[in-house]
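Open the model in your viewer and get ready to look inside it.

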Amino acid sequence: MELSQSNRAVIIGGGPRGTSVLERMLAHAAAAVGPVRLHIDVVDPYPAGPGRVWQPGQSRLFLMNTQSFYPTLIPQDPSLPAPVAGTTFDQWRVNQRRDPLPELTAEETAELAVLESTDFPSRALYGRYLRSTLEELLGKAPDGVTVQFHETSALSVRPVGDGRYDVGLASGVDIRANSVVLALGHIPSRLNPEQRELQVSATQLGLQYFPPAVPADVEWSRVPAGEPVLVRGMGLNFFDTMGQLTEGRGGKFVSTGSGLEYEPSGQEPLIIAASRRGTPYRAKAALTGYYASSVTLRYLTEAALERLAKAGIRPSFDHDLWPLLHRDALWAYYSTLVRSQPGAVPDAPAFLAALEEALQPHAHSAVKWEDNVESVLAIHVGPRHRLDLPGLAAPLAGRSFASRAEHDAAVVEFLLDDARRSALGEDDPVKMAIAALHHGRAVLKTAVADGGITDESWVAGLRGWFESFVEGLASGPPALRAEQLAALARAGVVSFVGPDPKFRVDRKAAAFTAASPWVVGPPVTARTMVEALAPGNRVSANDSPVLAQLLSDGLVRPKLMMTPEGAPVESTGLDVEPHPYRPVAANGSVTENLYVLGLQLSSAQWGTAIAAEAVQADTPAYRSGQRTLRDANEIAAAILNQA
């Protein structure tokens, strides 16, 4: 690549995605033949590298949802220009234990001293990795490349008629740029009508309402001790909330040899947790890698995707892709059952042979494959050992409870059973069925990217039911969190509302209320309510000045998709033209020299929030694992190749 022209690029967003684009531009500039003149402006009100979410100063109780071996900022694809510096997070962890940076804090060195490859690091420590990697990159920037950081917000991006843009900053500075990258990450979102009503009622009645937010941004000290607090949502943000209001208040978890007990500090509120399922996300299994080594996909494979493509089939999720992944989950469960519980199936070889035959698609058979599987199970497997796949995500479905105490006991039983299964790792059939779904997500990311499935099945299938289903099973916390939650419930610090809760404001009593139709008793009441949810990732509901301006001026637009009924609906992300990703304007033209990376690609890609996956020995390397880094590479190449 030959570069000689002066070039100025603005990256709006200095978190991991924006830093990836910066890293790739440095790599391309270093690999260029001939002189380079490139100036890069990075705009973010938070320090670059960690950005908003990964700030090193946040509470160390906020854990990553992946183990140390997983994430990387630096690509490992040998087909890409070589990085000028940097390593994966796990290699950085090893390096810091051996030769720590002088700027590491005592808390950081203490965490590094005990953190192993399979442990879950704090978000603060990952933020330190991002920051130190950025500093290392800047220290080895090639000649002719300059970088300037603006710790402020971008307010506008407006074309000036020659393919360039004026980027207006909140500081009053305007930057004339040849190209602009939108790496906005998690942006504020307007509240939905119900949330707005709760917020207004709280103001009128003197209540406290905490809307969806990045957990590190919440003033947890405002939640009063000794009083009920209603917490809606029992996904990953719930465990952050739980930690801040218990261990963060001075409480301690103590191992008894047979489990955990919680010793309160007296500063905790009474946490009343509610979610649609009535239970939190299932905990992750104890594995040595990101994927279970005993699970190999047999049906939803790259080869299967290639067969669909060769046949000219644009697959439907429910009709073409889910049946393949469903088969993989069944095989993972029953093959693990036979291996780990020899007495569960009397004639294991005959059963597995019959199951394998039943799972094969028979184009000329009038009998559905599901019916064939049921016939095999009826002969070989007793009811106690059958897999209820939908039931895994809704373990309390169909049950009624005579009191909240009875329901609380059922949730504790679920949590302890789930933690026990997690400890069994690859020897637990349920966790291996979930592991197959987890494997399948990586293949699905490739299958559905860039219009790979029909709009109808994206809306009704992938996003309509599968996303929440698989997240509740495969995106959960470390098993320790399930054990801690059970201990908190036994200590009376946490209780649960029940499935399908209904939330209201009792204006006469001046309190939030919640009740489950499946749990007998009066509604729970609280003067404080926390939404344990991240801000909605929906571009049409954004509260970002620069994105609002781009939408208003018609330079970008939300992606429209068709429902099964034939009605157009706005999807969550921007309409983009690949590759590299450039937004489609309101008039249908492509907005040149403007690029999109990360969460705002949620209508072109699935699973845009998770970090890039470091390559591990002896584990599957799916194409989707470093997709965001390849996207960043394409953007960097396009910017540096501008005429």
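How much space lies in the second largest cavity? About 70 Å³. A cavity here is a set of points, on a 1 Å grid over the protein atoms alone, where a 1.4 Å probe fits but cannot get out, and lining residues have an atom within 4 Å of a point. Grid points are joined across faces, edges and corners, and a volume is the space filled by probe spheres set on the points.

This is a predicted model, where local features need pLDDT of at least 70, side-chain atom pairs count only at pLDDT 80 or more, and totals for chains, interfaces and linings use all residues. Residues are numbered from 1 along each chain as its sequence is written, and side-chain values use heavy atoms, leaving out hydrogens and water.

Select Ala213, Val218, Trp220, Thr241 and Glu531: of the 13 lining residues of the second largest cavity, these lie nearest its centre. Now colour helix H6 (236–245) and strand E18 (528–531), the elements that give two or more residues to this lining. H6 gives the most, with three. Helices (H or I, at least four residues) and strands (E, at least two) are DSSP runs, numbered from the N terminus.

Next, move to the largest cavity, with about 220 Å³ of space. Select Lys284, Ala285, Leu287, His438 and Ala474, which lie nearest its centre among 21 lining residues. Then show helix H13 (429–448) and helix H14 (455–474), each supplying at least two lining residues; H13 gives the most, with five.

To finish, look for the whole set: six cavities of 30 Å³ or more.

How values were computed. 1 Å grid on protein atoms, 1.4 Å probe; cavity = no way out; pocket = protein on both sides within 12 Å on 5 of 7 lines; lining within 4 Å.
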